[in-house]
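Thank you for making time for this.

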Amino acid sequence: MKAIVVYLSTSGNTKAMAEAIAKGIEAMHVDVKAVSFYDAKPEELKEADAIAVGSSTFYYKMLPPMEKFMSETLAGIKPAGKVGAAFGSYGWSGEAPIVIAEQMREMGMHVIDPVLRILHKPTDKDLQECKRLGVDMAETLKQQVKPA
Ligand SMILES: Cc1cc2nc3c(=O)[nH]c(=O)nc-3n(C[C@H](O)[C@H](O)[C@H](O)COP(=O)(O)O)c2cc1C
């Protein structure tokens, strides 16, 4: 089983969330890496059974390169059936993670709750919540592949 956590982060807030989510996944003995969306290769996304995508919000939406990642790179690997999670740091409105979750669902992914949004720089408590999301992703993944 493999997972990947992909993020866009301008000042490190969403990146810190991504790394904590990856720690939670790793704690459940699932192979995982956290990468900037610039470095996420389609092959790696295809191989992953679970994909978390995070973005901070700018001008009430995702930045255009992240929109392109969603509509071309992620949609392009046809991720239907994979476990998904959406997250991101925000300042006041926080639309990006909500849109990511919506788009993942439209692609047929099994998006787990919650869509995790953290105000500004994550605190230690926030990072624990991120780690918990990673654990939940790994648990969902393990349940999916469990024989009947
Ligand atoms: C130019 C600019 C525009 C922003 N627009 C929004 C916005 O529309 N809504 C919002 O919730 N936060 C907005 N923010 C706040 C960022 O989402 C917030 O600072 C976030 O913590 C950045 O996380 P990052 O370091 O992962 O990129 C904006 C920040 C900047 C600098």
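Predicted model: local features only at pLDDT ≥ 70, side-chain atom pairs only at ≥ 80, totals over all residues.

R132 and D136 are four residues apart in helix α5, and so about one helical turn separates them; helices here are DSSP runs of H or I with at least four residues, strands are runs of E with at least two, and both are numbered from the N terminus. The two side chains form a salt bridge, with their closest N and O atoms 2.9 Å apart, where a salt bridge means a side-chain nitrogen of Lys or Arg within 4 Å of a carboxyl oxygen of Asp or Glu.

Residues are numbered from 1 along each chain as its sequence is written, and side-chain values use heavy atoms, with hydrogens and water left out.

How buried or exposed are the members of that network? R132 is partly exposed, with a relative accessible area of 46%, as is D136 at 23%, and E139 is partly exposed too, at 33%; buried means under 20% relative accessible area, exposed over 50%, and partly exposed in between, with a 1.4 Å probe and protein chains only. Helix α5 also holds L127, which is partly exposed with a relative accessible area of 25%.

The search of the whole structure finds seven salt bridges, and one more that I would point out joins E43 and K46, at 4.0 Å from N to O. Because E43 and K46 are three residues apart in helix α2, residues 42–47, they are separated by about one helical turn.

Turning to the backbone, which peptide bond is cis? The bond from D113 to P114 is cis, with omega near -5 degrees, and P114 sits in the loop between β5 (110–111) and β6 (116–119). K78, although not a glycine, has a positive phi of about 50 degrees; K78 belongs to the loop between α3 and β4, and it counts as exposed at 67% relative accessibility. H120 is another residue other than glycine with a positive phi, near 55 degrees, and H120 lies in the loop between β6 and α5 (124–145).

On the surface, Y59, Y60 and W92 form a nonpolar patch with about 530 Å² of accessible area together. Y59, which is in the loop between β3 (50–55) and α3 (64–76), counts as exposed at 75% relative accessibility.

Finally, the largest pocket contains about 260 Å³ of space. Its lining has 17 residues, of which S56, T57, F58, Y90 and G91 lie nearest the centre of the pocket, and the elements that give two or more residues to this lining are α1 (13–27) and β4 (83–90). By type, the lining residues divide into five nonpolar, twelve polar and no charged.

Note on methods. Patch = residues over 30% accessible without salt bridge, like charges linked within 9 Å, V, L, I, M, F, W, Y side chains within 5 Å. Areas by Shrake-Rupley, 256 points an atom, 1.4 Å probe, with all protein chains shown as cover. 1 Å grid on protein atoms, 1.4 Å probe; cavity = no way out; pocket = protein on both sides within 12 Å on 5 of 7 lines; lining within 4 Å. Points joined across faces, edges and corners; volume = space filled by probe spheres on them. Nonpolar A, V, L, I, M, F, W, Y, C, P; charged D, E, K, R; others polar.
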